[in-house]
Amino acid sequence: MTHRQVLEALSGLLLAMFVAMLSSTVVSNALPSIVADLEGSQTGYTWVVVATLLTMTATTPIWGKLADLFSQKVLVQTALVIFSAGSLVAGFAPSMEVLIGARAFQGLGVGGLTALVQVVIAGMVSPRERGRYAGYIGSVFALSTVSGPLIGGVLVDTLGWRWCFFVGLPVAVLAFVVLQKTLRLPVIRRETHIDYLGATLIMGGVSLLLVWVSLAGNQFAWTSATSYGLIVAGLVVIAGAVWVEIAVAREPIIPMRLFRDRTTSLATAASVLIGVAMFGSTVYLSQYFQLARGMSPTHAGLMSIAMVGGLLVSSIVSGRIISDTGRWKKFLVGGMVFVVAGLALLSTIDESTNLAVVGVFMCVLGVGLGATMQNLVLAVQNNTAHSDMGAASSLVAFFRSIGGSAGVSALGAVLAHQVAANVSSGLRDLGVAGGEATSHSVPDLDTLPGPVRAVFEGAYGEASAHLFLVAVPFAVVALACVLFIKEVPLRETVMRDDELSPEVKAELTITKEFQDR
């Protein structure tokens, strides 16, 4: 494909990625209104988020494997249709039960879009050229992250919460049409054997563990019998999945041979740890701005521009330089150094820290994430055979999602425990009765007396900083993993040398000699 053809097809892929990311961020400000309107509970509030997370994470490697077996164009369009159907049902949902089911179905499409966009881009351009397009992906990430909460807030205040699910439908339809007209990828026909048993066990095991990390500390204690039961059941099912993938499946969903490559193994480990550090800490920044600084949801969303701006610039600049030089490891290492530094700096904030200083710290973290996230996938794709591209690409996203899910839940439990302890102590010092019960509730700051409000703001400010401090060791270990990755210069062909026919190799050699002259 020419550069123009790639850009035309990329526009459809980026629209698909935007609508997938928007579905997660646009609903955040609408959840209180949704739960109140549908007469839901705190459990329902949690499951509206968890349902999408479960199906998205559990199906990511399955979509990736399917991309190695079937038409990637058809798969992306199928994911768009699934996402649209789930959104439509969610928008008309008459009860919390229907909404949660629709969100789970919507997550199937989001998982497909998350996995397949990277795979399709890998099928259009070589690793050497892929860096120049990383900036576009970073831009979409930035736009959806910043605009999602703002769009959601406006829709809830004007048209109602149901439009938070309808708003993505026109974008999904446009993406479908654009891809139909512009995406031209060869479909390699070969005998296929779908690993139904492995897919079922992977989804089951991952879902059990994600249910545990998502609900432990809220619906049941971390050390309860329910927790132990979910852990044991999840690990047993995962062990069964590994056995099936190694010994039984002819076309395994996650080919274990991928882990023989040091780059893939280390990048996968780093992705888990980055997921913990990134999602587990930054997801609570909005809560910090709202509950420690007294901002509205809209203003809290605007504060994220500092981090997203750093991510955007970093991903564009690093992608351009990598395409020009073919060298990528220094950006991975430098990016992780910035991530560690950003988290360490954010661990010093409290409820009185100057907002400009907080913005600078967030920008440092954003710069690190921009140089790290896409380039980890690029490093894996560069070492992977084209026939395994889908499975390898989705592997990184899969483990990053698992790390993020675990980080959000575990650090959320740490936050809740520390806030409760600090609020109880502060209210006791003020002589406020019933402080133990009040400390576990999420406050409406505008309704609180000045001294009590100050107690809550101080508690959330201190606890938020503690989360970033807890995330630092995970980022340090991720940096160590990146340091041990062996740099292989980016290849200039979509396929590896051992996959090319002798005729193509000869043609490439002649072309290179001509260019050298």
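The legends below describe close-up views of a predicted model. Residues are numbered from 1 along each chain as its sequence is written, and side-chain values use heavy atoms, with hydrogens and water left out. Because the model is predicted, local features need pLDDT of at least 70 and side-chain atom pairs count only at pLDDT 80 or more, while totals for chains, interfaces and linings use all residues.

**View 1. The salt bridge between R327 and E487**. The structure holds one salt bridge, a term for a side-chain nitrogen of Lys or Arg within 4 Å of a carboxyl oxygen of Asp or Glu. In the pair formed by R327 and E487, the closest N and O atoms are 3.9 Å apart. The pair links distant parts of the chain, 160 residues apart, with R327 in the loop between α14 (305-325) and α15 (329-346) and E487 in the loop between α19 (450-483) and α20 (502-516). Helices here are DSSP runs (H or I, at least four residues), numbered from the N terminus. R327 is partly exposed at a relative accessible area of 39%, and E487, at 25%, also counts as partly exposed; buried means under 20% relative accessible area, exposed over 50%, and partly exposed in between (1.4 Å probe, protein chains only).

**View 2. A nonpolar surface patch that includes I321**. Patch residues have over 30% relative accessible area and no salt bridge, and nonpolar side chains (Val, Leu, Ile, Met, Phe, Trp, Tyr) are joined within 5 Å. I321 lies in helix α14 and, with a relative accessibility of 33%, is partly exposed.

**View 3. The packing of α14 against α16**. Helix α16 (residues 355-383) packs with α14 at an angle of about 40 degrees, their axes being 6 Å apart; axes are lines fitted to C-alpha atoms over the stretch in contact, and angles run from 0 to 180 degrees between N-to-C directions. The two helices, α14 and α16, are therefore oblique to each other, since angles under 35 degrees count as roughly parallel, over 145 as roughly antiparallel, 65 to 115 as roughly perpendicular and the rest as oblique.

**View 4. Helix α12 and the residue G294**. In helix α12 (residues 285-292), the buried residues are L285, Y288, F289, L291 and A292. G294, which follows α12, has a positive phi, near 70 degrees.

Key
Patch = residues over 30% accessible without salt bridge, like charges linked within 9 Å, V, L, I, M, F, W, Y side chains within 5 Å. Areas by Shrake-Rupley, 256 points an atom, 1.4 Å probe, with all protein chains shown as cover.
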